[in-house]
Amino acid sequence: QVQLAESGGGLVQAGGSLRLSCAASGRTVTNLAMGWFRQAPGQEREIVARIRWSGGETYYTDSVKGRFAISRARVGNTVYLQMNNLIPEDTAVYYCALQRVGADRFDVWGQGTQVTVSS
């Protein structure tokens, strides 16, 4: 079993940038995709971005297109989320997730890292 741990969150002013990292530990598994999700207070968790491990196909939710970029380091099962031009609506707990080959959904999750954007 692999475990995921997010880092890089914090407090930033609107217009600033943050880079989130997701580090894997424990047993390495074959990845189908990795992604970032976020959950704001009182709201459901939503997908922010995902990246296909083979081929690098990416997906972004409309609200972050042009501002966020997901990338991966295949060795070490590490994924990053570069967040630029942050706005207060980006405030949430951000979660890293992994979809293993053979799984029909993201099935390994980190504990989350807080991102707060002040106006």
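User: Is Trp-109 buried, partly exposed or exposed, and why?

Analyst: This is a predicted model. Trp-109 has a relative accessibility of 33%, so it counts as partly exposed. Buried would need a value under 20%, and exposed one over 50%.

User: How do I read a pair of aromatic rings?

Analyst: A ring pair is described by the distance of the centres and the angle of the planes. Now the case here.

User: How many aromatic pairs are there?

Analyst: The count comes to two. In one, the ring centres of Phe-37 and Phe-106 are 5.2 Å apart and the planes stand at 80°, so this pair is edge-to-face. Edge-to-face applies to planes over 60 degrees apart.

User: Where in the chain do Phe-37 and Phe-106 lie?

Analyst: In distant parts, 69 residues apart. Phe-37 belongs to strand S4 (residues 31-39). Phe-106 is in the loop between strand S9 (92-100) and strand S10 (108-109). Both residues are buried.

User: What kind of pair do Phe-37 and Trp-109 form?

Analyst: A tilted one, because the planes are at 55°; the centres are 4.8 Å apart. This pair also links distant parts of the chain: Phe-37 in strand S4 and Trp-109 in strand S10, 72 residues apart. Phe-37 has a relative accessible area of 10%, so it is buried. Ring pairs join Phe-37, Phe-106 and Trp-109 into a cluster.

User: Which charged end sits over the ring of Trp-109?

Analyst: That of Arg-45, 4.7 Å from the ring centre.

User: Where is Asn-85, and is it buried or partly exposed?

Analyst: Asn-85 lies in the loop between strand S8 (78-83) and S9. Its relative accessible area is 46%, so Asn-85 is partly exposed.

User: Last one, Thr-113. Which strand holds it, and what does it touch?

Analyst: Thr-113 is in strand S11 (residues 113-118). A relative accessible area of 11% makes Thr-113 buried. Leaving out residues up to four places away in sequence, its contacts include Glu-6, Ser-7, Gly-8, Gly-9 and Leu-20. Ala-92, Val-93 and Tyr-94 are also touched by Thr-113.

User: Which atoms of Gly-9 and Thr-113 lie 3.3 Å apart?

Analyst: The backbone nitrogen of Gly-9 and a polar atom of the Thr-113 side chain.

Conventions
Residues are numbered from 1 along each chain as its sequence is written. This is a predicted model: local features need pLDDT of at least 70, side-chain atom pairs count only at pLDDT 80 or more; totals for chains, interfaces and linings use all residues. Side-chain values use heavy atoms; hydrogens and water are left out. Helices (H or I, at least four residues) and strands (E, at least two) are DSSP runs, numbered from the N terminus. Buried means under 20% relative accessible area, exposed over 50%, partly exposed in between (1.4 Å probe, protein chains only). A polar contact is a pair of N or O atoms within 3.5 Å; within protein, one must be able to donate a hydrogen and the other to accept it, and residues adjacent in sequence count only if both atoms are side-chain atoms. Contact means heavy atoms within 4.5 Å. Rings of Phe, Tyr and Trp (its six-membered ring) pair if their centres lie within 6.5 Å; planes under 30 degrees apart count as stacked, over 60 as edge-to-face and the rest as tilted. A charge sits over a ring if NZ of Lys or CZ of Arg is within 6 Å of the ring centre and within 35 degrees of the ring normal.
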